[in-house]
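Please read it alongside the sequence and the coordinates.

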Amino acid sequence: MDVAVAPNATPLQGSKECDVVIIGAAIAGISTAYELALGGSRVIVVDRGKIAGGITARTTAHLAPLCDDLTSAMISFRGEEMSRLFYESQAAAVDRIEEIQKRESIDCDFRRLDGYLFQALNTDSKIIEDELEAVRKIGAPVDRLVGIPLAHCGQQHALRYTRQGTFHPLRYLKGLVAAIEAKSGSFHSDTVVEGFEERDDGKVIITAGSRTITARAAVVATNAPIVDRFALHTKMAPYRTYAMAFSIPKGAILDALYWDTLDPYHYVRLQPGDGRTDFLIVGGGDHKSGEADDAEVRFQALEAWTRNLIPAAQNVTHRWSGQVLDTIDYAGFIGRNPGSNKIYVHTGDSGQGMTHGVVGAMINSALILGRETKWADVYEPSRKTPAAIGNFLRENVTAVKNFAEYLAPGELADVSDLKAGHGAIIRQGTSKIAAYRDPSGALYARSAACTHVGCHLHWNSFETCWDCPCHGSHFAIDGTPLNAPAIGPLAEEHQAGTTP
Ligand SMILES: Cc1cc2nc3c(=O)[nH]c(=O)nc-3n(C[C@H](O)[C@H](O)[C@H](O)COP(=O)(O)OP(=O)(O)OC[C@H]3O[C@@H](n4cnc5c(N)ncnc54)[C@H](O)[C@@H]3O)c2cc1C
Ligand code: FES
């Protein structure tokens, strides 16, 4: 998060024209802009906040091409051929990152390494057997092992995948931004895109207040799509995941990617540090967004798990959380937005957003430039996956349960009961208020109805924000949207002593 990816970016002014406008500047949007600029298009990239300040700034950046929800599960939804193409496209994304960082001389700690999927302690090894069979079916290279180089794991069954990768994502994107700017592409930060219009002359106009950009095509890479209210959102669900970094002596563990077989799984990698220590980055503890507010407990569990398997881990240097959007059949939605002609979308990249971002760039740029792409069907946004109906129903129960919450009492009877540093939902007549009192005692009172399609917000005390359990919007305490699909701020609710 410390890396300024596009230090020259300024807010959009007036009206502009270009070949392709990209909304959302992070791994998906910037990679797409790069492919298009390389193909000769004039691109403009806009972002609501700073460039690459969204979920990409929170990633742990494993570049791992096999389905992170397990290839065996993907085959059961999509069959062997689609699962094979999924793997092939994701592996091609790692190759593409390797090629680009070399070509553009980007210093981003990119390296190839092995990945270990290992049997979690005190669990059955059958999952490893099933996964081995599935991975062999799609032709991905895999070795079967007993024992991996972590403590207590000498007898654990495992699969080793070769030619995985990792890198520092924001340093990589900084290099990409410089390459795009050198090809006359431009970046606008602090520019909230609010509307899209497809005109009869084949042009697309995007609006941000009174400012506009007219283009031949638009790519919506806002993590959760802002161009669609239902079609894609009902086929995916937001999950919050937690990560922490420890310092660790260089060489204490083998530089590799590690994941266990639990659901949610733990994920581990190293990031080179200065001097004699590296950073050990460990993640896990996922839950559906808004359905828990117990980050402290999750970090304690993550830390205990780490210290058990990696006793060389030293002090904790960082802790953070973020969100992933899981689709019901585990592949993202990339391609022409359902119902649009010139608007393309990129979303649903699950725990594999780094590789998905680059696959999406390859597919959407090929579609826009009229080039061949053999992976479009894998990610076709309007696809139906009848075999994943169970996941579809399970994920959509959230919205039904959520609207019922409007009938429940508030968490506190009155705003006067709200302590400094706390947030809570308070009933006021027939509506609900999302109230937060800052450490100085100032009160922020906003509507508890998400501005996307109205779901009931939940307080997130670790990130000090409001999370929407339905489709993944997050809002700051003053109601400003932090994560799409919401575009507009939460409505103000007037209370004695509120801060506007
Ligand atoms: C803790 C954690 C660990 C992860 N680990 C991995 C991993 O190891 N490997 C992996 O492959 N993936 C991982 N992921 C997933 C991956 O990080 C994400 O899927 C990926 O970063 C999403 O990138 P994006 O470009 O789609 O979205 P973002 O990075 O969120 O970018 C979207 C951008 O759109 C902008 N935007 C939104 N609305 C508007 C609007 N109205 N107008 C203008 N701009 C707008 C936002 O400001 C934002 O900058 C992890 C995620 C988390 C949280
Ligand atoms: S994100 Fe869709 S209703 Fe909140």
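## The annotated span

How far apart do the end C-alpha atoms of residues 410-491 lie, and what percentages of helix and strand does the span have? In this predicted model, the end C-alpha atoms of residues 410-491 are 18 Å apart, and the span is 37% strand and 0% helix. The UniProt annotation "domain: Rieske", which comes from an unreviewed entry, covers these residues.

## Aromatic pairs

A pair of aromatic rings is described by the distance of the centres and the angle of the planes. The count for this model comes to 12 aromatic pairs. One of them is formed by Tyr116 and Tyr258, whose rings are stacked, with 5.7 Å from centre to centre and 15 degrees between the planes. Because Tyr116 belongs to strand β5 (residues 111-118) and Tyr258 to strand β14 (residues 257-260), this pair ties together parts that are 142 residues apart in sequence. Tyr116 is buried, at a relative accessible area of 5%, and Tyr258 is also buried, at 0% relative accessibility.

An edge-to-face pair is formed by Tyr242 and Phe299, with 5.5 Å from centre to centre and 90 degrees between the planes. Here Tyr242 lies in strand β13 (residues 236-249) while Phe299 lies in helix α5 (residues 295-309), so that the contact ties together parts 57 residues apart in sequence. Tyr242 and Phe299 are both buried.

## A cluster of rings

Ring pairs also link Tyr436, Tyr444, Trp459 and Trp466 into a cluster.

Technical notes. Residues are numbered from 1 along each chain as its sequence is written. Chains are lettered from A and ligands numbered from 1 in the order in which they are written. This is a predicted model: local features need pLDDT of at least 70, side-chain atom pairs count only at pLDDT 80 or more; totals for chains, interfaces and linings use all residues. Side-chain values use heavy atoms; hydrogens and water are left out. Rings of Phe, Tyr and Trp (its six-membered ring) pair if their centres lie within 6.5 Å; planes under 30 degrees apart count as stacked, over 60 as edge-to-face and the rest as tilted. Helices (H or I, at least four residues) and strands (E, at least two) are DSSP runs, numbered from the N terminus. Buried means under 20% relative accessible area, exposed over 50%, partly exposed in between (1.4 Å probe, protein chains only). UniProt positions are given in the numbering used here, feature names are shortened, and annotations may be inferred rather than shown by experiment.
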